[in-house]
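Please look at the model below before reading on. The text that follows goes through it chain by chain and then turns to where the chains meet.

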Amino acid sequence: MTTAVQPQGGGGMLDRPSSSSLADVLDTILDKGLVIDAYVRVSLVGIELLTIDARVVVASVDTYLRFAEAVGRLNLEQDKETLPELVDDLNEGGAKSKTKGVIDAAGEKVRDTLGGGDRQRSRRGRKED
Amino acid sequence: MAAVYVYGIVPADTPVPGDATGVGDPPAEVTTVRSGDIAALVSPIETAASLGRPEDMLAHQRVLDAVAAADPVLPLTFGAALTDADAVGRELLDAHHDEFAAALAELRGRAEYLVTARYVRDAVLGEVLREHPELAELRDAIAGRSEELTHQDRIRLGEGVNTAVAAKREADTRAVADLVTPHAVQAVVREPAHELDAARVAVLTDLDAEDDLTGSLAELAEDWRGRVEIRVRGPLAPYDFVATVR
């Protein structure tokens, strides 16, 4: 852009990107601005295909499950009181990987911890070796 | 068949930004078609050539934003083309000359700035769990149990979190809107486009007031450090403030 505007100098907390990403653009130029009367304009190849709804559906089951998974990973004080091993596991695993496998592995460990019985105790023993 | 692609409407004396190339492959040269006090920013296009590549959309906005940094411009939605320069002059410019000229006069010295604020995920989720003990409990009840057994609970948890985030979004959007209002000719709230959007506010402001606007926002960014990241794009063409009234 040939702009006289200087990027924000001091502080640096405010992000001032100098160009727009495609996501920014889709959200801006497809449904905003003036519309030429349909009977005046000519049709262009490809435009008909552009029935993109740039807006994300903000609330869906997918969103809910993502949120649930994300809060499941959060380390809060209360975790450290009740589930120290899980927290340790998540600290390690969460930092390295975002895969579901990490959560599953952690979950299994908690089941083992809380499950009771000899089998559980022996498995715990093995893991602590 | 050749046609004329139209980007936007400008005052007749507006220079075409030198470094802005248009839509098409290879990118077409942008020129103007004048009529009276106004002009259209245009470039030649083949109707048989496919339009709608990412490059085309980026080019459309780049041309408009480059103009908006110095001169008023009425942006058209992406994908408008007329048969030839004569049609642009008569059917677009002449047909709406006075209303376009009046709108451009109103926009002189002004541009749009788009403020977008995005939550830092773990920070906002931590807030939510601290503020909603019932969600924290539900989360703890789910932890360690199998996915199949907890499917409904996890949906319930996520829905509760989403509702809590939405409430925060509403409050934080209001905070951003209140902050920019003193610097704004007009401000418009955009719908969220992402589940972690904290606020999206388009601001029409005097170009002279840009430093005041970004200064205020920088203070807010400092206050929200670690929980919300704030971005300001602009000057942009006034996309959120120009519409065809039916």
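In chain A of this predicted model, residues 24 or more positions apart account for 25% of the contacts with a separation of 6 or more. For chain B, 72% of the contacts between residues at least 6 apart in sequence join residues at least 24 apart. Of the 129 residues of chain A, 20% count as buried, while 49% of the 246 residues of chain B do.

What elements does chain A contain? Chain A has six helices and zero strands. Read from the N terminus on, its elements run α-α-α-α-α-α. Chain B contains seven helices and nine strands. Its radius of gyration is 23 Å, well over the 18 Å that the globule rule gives for 246 residues, so chain B is more spread out than a compact globule. Along the principal axes, the C-alpha atoms of chain B fill a box of roughly 70 × 45 × 35 Å.

Before any detail is read, the confidence of the prediction needs a look. Chain B averages a pLDDT of 94, and 100% of its residues score at least 70. In chain A the mean pLDDT is 58, and 36% of the residues reach 70 or more. Where in chain A is confidence lowest, and where is it highest? The lowest mean, 36, belongs to helix α5 (residues 100-115) of chain A, and the highest, 92, to α2(A). Over residues 1-11 of chain A the pLDDT is below 50, and this stretch has 22 contacts in the model beyond near neighbours in sequence. Residues 78-129 of chain A also stay under 50. For residues 78-129 of chain A, the model has 37 contacts beyond four places in sequence. Where pLDDT is low, the predicted coordinates should not be read in detail. For the complex, the predictor gives an ipTM of 0.78 and a pTM of 0.78.

Ala59(A) is found between α1 (22-29) and α2 (61-73) of chain A, in the loop that joins them. Is Ala59(A) buried, exposed or partly exposed? Ala59(A) has 16 other C-beta atoms within 10 Å. A residue needs 20 or more to be buried and 12 or fewer to be exposed, so Ala59(A) is partly exposed.

In chain B, two peptide bonds can be picked out. The bond from Asp25(B) to Pro26(B) is cis, with omega near 0 degrees. Pro26(B) has its place in the loop between β1 (2-11) and β2 (31-35) of chain B. The bond from Gly234(B) to Pro235(B) is also cis, with omega near 5 degrees. Pro235(B) lies in strand β9 (residues 228-236) of chain B.

Helix packing within chain B comes next. Helix α4 (residues 121-131) of chain B and helix α6 (residues 147-180) of chain B have axes that come within 10 Å and cross at roughly 105 degrees. An angle of 65 to 115 degrees counts as roughly perpendicular, and that makes α4(B) roughly perpendicular to α6(B). Val124(B), Leu125(B) and Val128(B) in α4(B) meet Val161(B), Ala164(B), Val165(B) and Lys168(B) in α6(B). By class, this contact of α4(B) with α6(B) has six nonpolar, no polar and one charged residues.

Helix α6(B) also takes part in the meeting of the two chains. The axes of α2(A) and α6(B) come within 7 Å and cross at roughly 90 degrees. The two helices are therefore roughly perpendicular to each other. Residues of α2(A) that meet α6(B) include Tyr64(A), Leu65(A), Phe67(A) and Val71(A). On the α6(B) side, the residues include Arg154(B), Ile155(B), Leu157(B) and Val161(B). Val161(B) is also among the residues of α6(B) that meet α4(B). The contact of α2(A) with α6(B) has nine nonpolar, three polar and three charged residues.

How many residues does each chain give to the contact as a whole? Chain B gives 70 residues and chain A gives 59. The side of chain B that touches chain A has 37 nonpolar, 15 polar and 18 charged residues.

Definitions and conventions: Residues are numbered from 1 along each chain as its sequence is written. Chains are lettered from A and ligands numbered from 1 in the order in which they are written. This is a predicted model: local features need pLDDT of at least 70, side-chain atom pairs count only at pLDDT 80 or more; totals for chains, interfaces and linings use all residues. Helices (H or I, at least four residues) and strands (E, at least two) are DSSP runs, numbered from the N terminus. pLDDT is the predictor's confidence in each residue, from 0 to 100. Two residues are in contact if their C-beta atoms, placed from the backbone, lie within 7 Å. Ala, Val, Leu, Ile, Met, Phe, Trp, Tyr, Cys and Pro count as nonpolar, Asp, Glu, Lys and Arg as charged, and the others, Gly among them, as polar. Axes are lines fitted to C-alpha atoms, for helices over the stretch in contact, and angles run from 0 to 180 degrees between N-to-C directions. Angles under 35 degrees count as roughly parallel, over 145 as roughly antiparallel, 65 to 115 as roughly perpendicular and the rest as oblique. The radius of gyration is taken over C-alpha atoms; the globule rule is 2.2 Å times the number of residues to the power 0.38.
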